[in-house]
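Hi,

Here is the structure I promised to pass on. Have a look at it first, and my notes on what turned up follow below.

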Amino acid sequence: MHERAMHERAQHERAQHGTGMHEIGMHELMELEEEGALGWQERALCAQTDPEAFFPEKGGSTREAKKVCLSCDVRGDCLEYALSNDERFGIWGGLSERERRKLKKRAV
């Protein structure tokens, strides 16, 4: 969710400063590349729901978050991102941190 806020801030800054494609610097180019790689996050259903459901307290229920994930079109992209980036907290791609750890162990 933090990355989404950074993305929105970068978009806002570009809109405010009227940065056109011919004026893009290296930093902005890197941001654009990241946006393409992480564009799935904009389509994620979790971006439209309460983020706290995806980061429950220890021992808290993950049911609501997993229910959202079941109908999400980018669930696979989300899980792939979490596994590739060793996300240790929260529900990603419909799996808890413990479930992702087990999945990684089975893949080895």
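Asp-86 is partly exposed, with a relative accessible area of 37% (buried is under 20%, exposed over 50%, partly exposed in between, with a 1.4 Å probe and protein chains only). Before you read on: this is a predicted model, where local features need pLDDT of at least 70 and side-chain atom pairs count only at pLDDT 80 or more, while totals for chains, interfaces and linings use all residues. Residues are numbered from 1 along each chain as its sequence is written, and side-chain values use heavy atoms, with hydrogens and water left out.

Back to Asp-86: its phi is positive, near 50°, and the residue follows helix α5 (helices are DSSP runs of H or I, at least four residues, numbered from the N terminus). Its side chain makes a salt bridge with Lys-104, 3.8 Å from N to O; the term means a side-chain nitrogen of Lys or Arg within 4 Å of a carboxyl oxygen of Asp or Glu. That pair links distant parts of the chain, with Asp-86 in the loop between α5 and α6 and Lys-104 in helix α6, 18 residues apart.

There are five salt bridges in the structure. Another one joins Lys-66 and Glu-99, with the closest N and O atoms 2.8 Å apart. Lys-66 sits in helix α4 and Glu-99 in helix α6 (residues 97-107), so this pair ties together parts 33 residues apart in sequence. Glu-97 and Arg-101 also pair up, at 2.4 Å from N to O, and they are about one helical turn apart in α6.

Now for α5 itself (residues 75-84): its buried residues are Cys-78, Leu-79, Tyr-81 and Ala-82. They fall within an arc of 160° seen down the helix axis, so they line one face (the arc is taken from the directions from the axis to the C-beta atoms). Glu-80 and Ser-84 are exposed on the other side.

Cys-46 is buried at 17% relative accessibility, and Cys-78 is buried at 10%.

Cheers

Notes
Helix = DSSP H or I, 4+ residues; strand = E, 2+ residues; numbered from the N terminus.
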